[in-house]
Amino acid sequence: MSNSIFRKDGTAQGVAKQRLIESLAKPGKRVIYDPYAEKFVLGAGIIKLMGHKFSVWLSKKFAPGFHEHLISRTRFIDDLIEKSTPDKVEQYVILGAGYDSRAYRLKLPSGLKIFEVDQPEVQERKRSKLPDEIHNAENVTYVSVDFNHQSLKEQLLNAGFDESKSTVFTLEGVSQYITREALNSTLNELAVLTQNSNTTLFMSYVNSLLREDPKACFGKGYPNAAKRAKLITYGSAKVGEPWISLYSAEEIEDLLSQNRFSLTENKTLANLNSKYFTPIGRTIPENHIFKIEHFVVAKSKV
Ligand SMILES: C[S@@+](CC[C@H](N)C(=O)[O-])C[C@H]1O[C@@H](n2cnc3c(N)ncnc32)[C@H](O)[C@@H]1O
């Protein structure tokens, strides 16, 4: 694998690594299970040897709540997809899919058409790592797009996207890596593509308070909040994908409504702690809450 490919998939690997770690926990003790995550992560064998508890402890040393934040994001979207798809949703578009394996690991209706959108190099590596025979492969179409320079609409339509069908779109862990113009034009293209169908959109965004008031992006008493905020942004830049676009809640709501979407939910780990972690005896204490990134659901109706 060349260096340039590694640089492009650094953050996708980072998220897959947390899914691998979570999948090592015992069935009654985990929030998600992703049997494919290990295929994408360099050093997966060492992580498996270290096990769930030790790996989560190590991740806590880097930033308390970081692992749980990413895992709650995955679970929140899993729930959204499983809840929406039996109910007349016919297409699912995973924008910036990276090493997301929802298409293969969730129980989805057999008629659901799935489009995975990402950069070609990342998709190439993903396909080379997935087993040849994998559940639901016949329903998945890979669509290469660079959000910063290409038209999503054109690429999706060329790949067989049907504008008359109800669709769920997810943009998970991507908005911080693309320019504001690219996010705006992507949402604009979604609005045009879906003007004749009911649409659900999930997107995550990094709170702009991270720069202005880092403490506000963590629970009360979070250790060294400002220092950790710097470490986290530095870490992402170091693997080749700096956070270039941060947003306030108002900006996101405006951006969505300018593109015909109305926001229905805006959550962070702080809201999902009691739903996902308390039932399995892993409640995250307030001083370990990591809420830099928000999870938003929006709807548009014909
Ligand atoms: C942090 S990863 C998230 C991957 C996946 N959504 C997940 O949560 O596991 C960010 C993803 O956005 C993709 N990405 C970043 N910039 C992009 C661009 N300009 N065009 C298309 N995809 C991009 C990366 O290739 C990567 O897969």
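In this predicted model, the side chains of Arg73 and Glu172 form a salt bridge, with N and O 3.3 Å apart. Arg73 belongs to helix 4, residues 66-84, while Glu172 sits in the loop between strand 4 (167-171) and helix 8 (180-193), so this pair ties together parts that are 99 residues apart in sequence. Both Arg73 and Glu172 are buried; for Glu172 the relative accessible area is 11%.

Glu172 has a further partner. Its side chain also meets that of Arg102 in a salt bridge, at 3.1 Å from N to O. Arg102 lies in helix 5, residues 102-105, so here the link to the loop of Glu172 spans parts that are 70 residues apart in sequence. Through shared partners, salt bridges join Arg73, Asp78, Asp100, Arg102, Arg105, Glu172 and Glu293 into one network.

Arg102 counts as buried because its relative accessibility is 1%, under the 20% limit. Asp100 likewise counts as buried, at 3%. The count of salt bridges comes to 13.

I turn now to the ligand.

Which atom of Arg19 lies 3.0 Å from an oxygen atom of the ligand? It is a polar side-chain atom. At Phe147, a polar backbone atom is 2.9 Å from a ligand nitrogen. Taken alone, the ligand exposes 590 Å², and the protein buries 97% of that.

Key: Residues numbered from 1 in each chain as written. Predicted model: local features only at pLDDT ≥ 70, side-chain atom pairs only at ≥ 80, totals over all residues. Heavy atoms only, no water. Polar contact = N/O pair within 3.5 Å; in protein donor to acceptor, adjacent residues only side chain to side chain. Areas by Shrake-Rupley, 256 points an atom, 1.4 Å probe, with all protein chains shown as cover. Salt bridge = Lys/Arg side-chain N within 4 Å of Asp/Glu carboxyl O. Helix = DSSP H or I, 4+ residues; strand = E, 2+ residues; numbered from the N terminus. Buried < 20%, exposed > 50% of the residue type's maximum accessible area, 1.4 Å probe, protein only.
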